Amino acid sequence: MKQLFFYTHTCGENKPLEIYMFIDPLCPECWALEPIIKKLQIEYGQYFRLRQILTGKLASLNISKKKHETLANFWEHTASRTGMSCDGSLWLESPISSPYIASIAIKAAELQGRRAGQRFLRKLQELLFLNKQNISNFDVLEQCANEVELDLEVFIQDINSSSAAKAFQCDLKISNEMEIDEVPSLVFFNENIEDEGIKISGIYPYEIYVKIIQEMLNDIPEPTPPPPLEHFLKYYKFVATKEVAEVYDLPCKEVEKKLKKLLLQRKVQMIPAKYGTFWKYIG
């Protein structure tokens, strides 16, 4: 962790903190941060606004064939270490040649609202890491937009417009100004624009993020307890065992027992992945 230089920001939404989350859609560690982000939003979401910023670390590269094996191994290692499955064989079977379009698509989705952009990114990550879909393919991007119920006609217009490209360039500028050299990175700001932000790069235990929130608030707020499990599943629709375990502070084995009860009640569908299991809420 390190302190940052001054940076103009607005917290908005009457929340005292703003968190800039710097990610790359192809980064498996950004995907592995999902359980922690869900828990933070549930327990302390009333105190912060989350703003996702695309760094373009991989989008700016011409990914050559010699890097495919390295990327495949990195994906596999990250999945086995974090519990958030991703299938590195994508890079050996059908590698992505130009990830730039995926970043533009995310910004196009965000033009329909911040939450729409977050839903789109999540679905894009699922298609990429679990289903080995080529997210530089326009048909895949269109499928993703359709599945998260964006206005498809508007999305297609926006992805081909200058607005999405300019929004992505703005993200790259912010990444550069904040000296982001690793993803994922989170930068915490409070409502006093003269105060410095606090940057944390990589993935840390959940308690570290809570400590930063407490430091920024100069308070120890009471965390909001998680909702009943079925409510959680209904809201997020598709989650990993690891995500449920993180949010509810339970071992993965105990989580799977609870989820298998819902499976018998035909409320969820079990989706085996290369590493671990995902669960789709079907009601």
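A pocket is an open set of grid points where a 1.4 Å probe fits, with protein on both sides within 12 Å along at least five of seven lines. The questions below concern a predicted model.

Q: What is the volume of the largest pocket, and which residues are the closest to its centre?
A: The volume of the largest pocket is about 1400 Å³. The lining comprises 45 residues. Closest to the centre of this pocket are Q118, R119, R122, Y235 and Y236.

Q: Which element gives the most residues to the lining of the largest pocket?
A: Elements that give two or more residues to this lining include the strands β2 (17-23), β3 (48-54), β7 (268-272) and β8 (277-281). With 10 residues, the element that gives the most is α6.

Q: How many residues of the lining of the largest pocket are charged?
A: Sorted by class, this lining has 22 nonpolar and eight polar residues. The charged residues of the lining number 15.

Q: Which residues lie nearest the centre of the second largest pocket?
A: The second largest pocket has a volume of about 200 Å³, and 14 residues line it. Nearest its centre lie I36, I203, Y204, K242 and E246.

Q: Which element supplies the largest share of the lining of the second largest pocket?
A: At least two lining residues come from each of α2, α3 (65-82), α10 (206-217) and α12 (241-248). By class, the lining has eight nonpolar, one polar and five charged residues. The largest share, three residues, is supplied by α12.

Notes. Residues are numbered from 1 along each chain as its sequence is written. This is a predicted model: local features need pLDDT of at least 70, side-chain atom pairs count only at pLDDT 80 or more; totals for chains, interfaces and linings use all residues. Side-chain values use heavy atoms; hydrogens and water are left out. On a 1 Å grid over the protein atoms alone, a cavity is a set of points where a 1.4 Å probe fits but cannot get out, and a pocket is an open set with protein on both sides within 12 Å along at least five of seven lines; lining residues have an atom within 4 Å of a point. Grid points are joined across faces, edges and corners, and a volume is the space filled by probe spheres set on the points. Helices (H or I, at least four residues) and strands (E, at least two) are DSSP runs, numbered from the N terminus. Ala, Val, Leu, Ile, Met, Phe, Trp, Tyr, Cys and Pro count as nonpolar, Asp, Glu, Lys and Arg as charged, and the others, Gly among them, as polar.
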